[in-house]
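Please open the structure in your viewer and keep the selection panel at hand. The tour below goes from one selection to the next and says what is to be found at each stop.

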Amino acid sequence: MNFNSISAIYSFEVARAWRTIGQTIAAPVVSTCLYFIVFGTAIGSRMGSIEGVSYAAFIIPGLVMMSLLTQSISNASFGIFFPRFSGTIFEVLSAPISYFEILLGYVGAAASKSLIVGLLILITARLFVDYNIQHPFWMITFLILTAVTFSLFGFILGIVANGFDQLQVVPLMIITPLAFLGGTFYSIDMLPPFWQTVTLFNPVVYLVSGFRWSFYGISDVSILTSVSMISLFLVGCVLIVWQIFATGYRLKD
Amino acid sequence: MSIISIKQLSKTYASGFKALKNINLEIRAGEIFALLGPNGAGKTTLISIICGIVSPSSGEVLAGGHNIISEYRAARSKIGLVPQELTTDAFESVWSTVNFSRGLFGKPKDHAHVEKVLRQLSLWDKKDTRLRALSGGMKRRVLIAKALSHEPEILFLDEPSAGVDVELRRDMWNMVRELRESGVTIILTTHYIEEAEEIADRIGVINGGEIIIVEEKTELMQKLGKKELRLQLKTAMTKVPDDLFDYNLNLEADGTELVYSFDAKQEHTGIAELLRKLYKKDIDFKDLNSSKSSLEEIFVELVKEQ
Ligand SMILES: Nc1ncnc2c1ncn2[C@@H]1O[C@H](COP(=O)(O)OP(=O)(O)OP(=O)(O)O)[C@@H](O)[C@H]1O
Ligand SMILES: [Mg+2]
């Protein structure tokens with residue numbers, strides 16, 4: 001294992017986030033906090049509690065998941081797309097490192113950045129809303145698993161994408177709707193039976209449900225189902241990345 | 001001893017275009033090798049394959065005795081590449097981008113070495129400048145610094161003199177010679193015979209994806225070093241005067257141009273003597289110019305010879 005190389009890529013990516021701290025860290029934290037203020041404290045105070053949890057507290061896990069997802073995807077996709085676009089990828093390809101090490105550098109950095117954003121949102125939320133965490137170990141596990149899985153997904157997107165517009169479309173047009181319809185703002189039980197079934201095809205439901213369970217012990221689907229679904233998605237992404245590397249797709253002529 | 005050994009290397013791009021056709025080439029340890037060829041000859045493709053940026057379609061390449069595919073770590077850690085395109089991270093500083101390259105190639109931090117390289121390339125006072133604020137020539141230097149940051153044994157310079165002024169070119173050639181002194185093997189590509197002649201020990205000529213000839217510079221220059229002296233005559237001649245027969249002169253342009261071909265490498269070109277004789281014979285000319293055979297003509301010549 002070539003630690004100098006991995007650390008060079010990792011530090012490069014983290015330094016980039018640091019330089020653009022406004023976009024990569026502050027922006028998602030601020031915009032998510034607006035949700036707490038509007039939906040949590042303002043509107044939420046007029047709403048009843050769900051399964052014994054106040055509405056403001058109920059939406060926190062979903063909101064954290066939502067920004068974790070979008071941040072992981074955009075960090076990782078941009079991280080690998082930009083060198084492809086500018087041509088500086090030549091240096092990474094010519095370096096004495098394996099694809100796995102390249103992946104560790106880029107995906108590790110992207111996942112770290114989105115984890116920091118997720119944790120900052122949790123800390124900031126505490127200023128507005130009272131919440132507790134029943135299963136801290138599972139909470140951290142869900143955070144890491146999600147950050148890594150969706151950073152991998154973002155990495156794939158960054159390799160497949162043909163332009164900057166495509167990089168933005170996927171998080172905006174696919175992930176945000178899935179997240180909104182994924183039970184962030186409501187419990188699945190509140191939906192009519194038909195829509196409950198439809199919802200089960202939305203992968204984000206399993207993330208939000210499992211994550212919320214680690215906070216309050218309540219969930220829409222069983223915790224085992226949640227963990228299995230994330231793992232399945234993780235394995236799927238790993239297989240695709242492995243295929244990309246094996247063929248040099250979009251990386252080498 | 002060969003430091004790079006290329007055997008039956010071919011490359012067909014996904015478009016179906018055959019960029020390299022059965023290349024065989026040995027680069028000797030410690031030499032400066034110039035790859036000379038016109039646009040689209042396949043120079044960059046060849047270098048990119050050796051460095052791991054492009055996949056070969058068939059054939060085998062060893063760098064420092066290591067197969068570039070099955071032993072890519074050992075092979076690539078010996079190689080530094082200065083690409084043809086000025087691709088840099090616009091928002092990085094000179095200092096951070098050069099240190100990044102060193103780390104990327106698996107070397108532990110060594111600020112003293114990076115400083116030495118930057119000073120050598122007159123980049124030290126620019127070390128905190130963002131790359132986008134540098135001129136093209138400066139960016140070229142940064143790319144050289146990046147390639148040297150990890151102390152390669154083999155250095156590729158893909159068209160190093162493109163967009164570079166006289167002074168930087170001179171500095172660059174001095175640096176290349178110093179590197180060779182310290183044992184680094186240097187392979188550079190160029191369009192210009194003069195450049196290959198100035199710097200290289202050996203020259204390989206590539207055209208249409210094929211290596212046409214590989215020779216010691218001095219030998220190749222003898223073959224390529226033909227020059228022409230053209231005299232625009234005041235009055236047209238019908239035939240070359242008999243007593244100038246030894247000079248191998250030709251009449252062109254309806255007898256208004258007298259063309260003398262000579263070997264520019266020879267001490268005694270015979271030009272002064274020829275002009276004196278013409279003067280004595282009262283053959284007047286309006287103008288004269290001398291030219292080297294163009295790359296194009298040389299290729300035609302070389303291909304014919306084979
Ligand atoms: N990715 C690619 N896909 C298809 N064809 C390519 C690709 N890259 C290069 N070629 C073609 O391969 C040929 C050789 O290109 P290459 O860049 O190796 O030439 P070169 O000798 O470096 O030329 P130059 O002096 O202009 O830099 C050219 O005809 C080029 O169009
Ligand atoms: Mg080229």
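Helices here are DSSP runs of type H or I with at least four residues, and they are numbered from the N terminus. The model you are looking at is predicted, and every value in this tour is computed from it.

**The ligand.** Begin by selecting ligand 1, which lies between chains A and B. Then show the shell of 16 residues around ligand 1, in which Asn39(B), Lys43(B), Thr44(B), Thr45(B) and His191(B) come nearest. Sorted by class, this shell holds five nonpolar, eight polar and three charged residues. If you now colour helix 1 of chain B, residues 43-51, you will have picked out the element that gives the largest share of the shell around ligand 1, namely three residues.

Taken alone, ligand 1 exposes 640 Å², of which the protein buries 69%.

**The interface.** Now select the boundary of the two chains, where 28 residues of chain B are in contact with 22 residues of chain A. The area buried between chain B and chain A is about 2400 Å², with carbon and sulfur atoms giving 58% of it. On the chain B side, show Arg73(B), Phe100(B) and Leu104(B), which lose the most area to chain A and together make up 26% of what that side buries.

**The domains.** Finally, colour chain B by its two parts, domain 1 (2-222) and domain 2 (226-305). Taken over C-alpha atoms, the centres of domain 1 and domain 2 of chain B are 40 Å apart.

Definitions and conventions:
Residues numbered from 1 in each chain as written. Chains lettered and ligands numbered in written order. Predicted model: local features only at pLDDT ≥ 70, side-chain atom pairs only at ≥ 80, totals over all residues. Heavy atoms only, no water. Near = heavy atom within 4 Å. Areas by Shrake-Rupley, 256 points an atom, 1.4 Å probe, with all protein chains shown as cover. Helix = DSSP H or I, 4+ residues; strand = E, 2+ residues; numbered from the N terminus. Nonpolar A, V, L, I, M, F, W, Y, C, P; charged D, E, K, R; others polar. Domains from an automatic or database assignment. Contact = heavy atoms within 4.5 Å. Buried area = accessible area lost by both parts, 1.4 Å probe.
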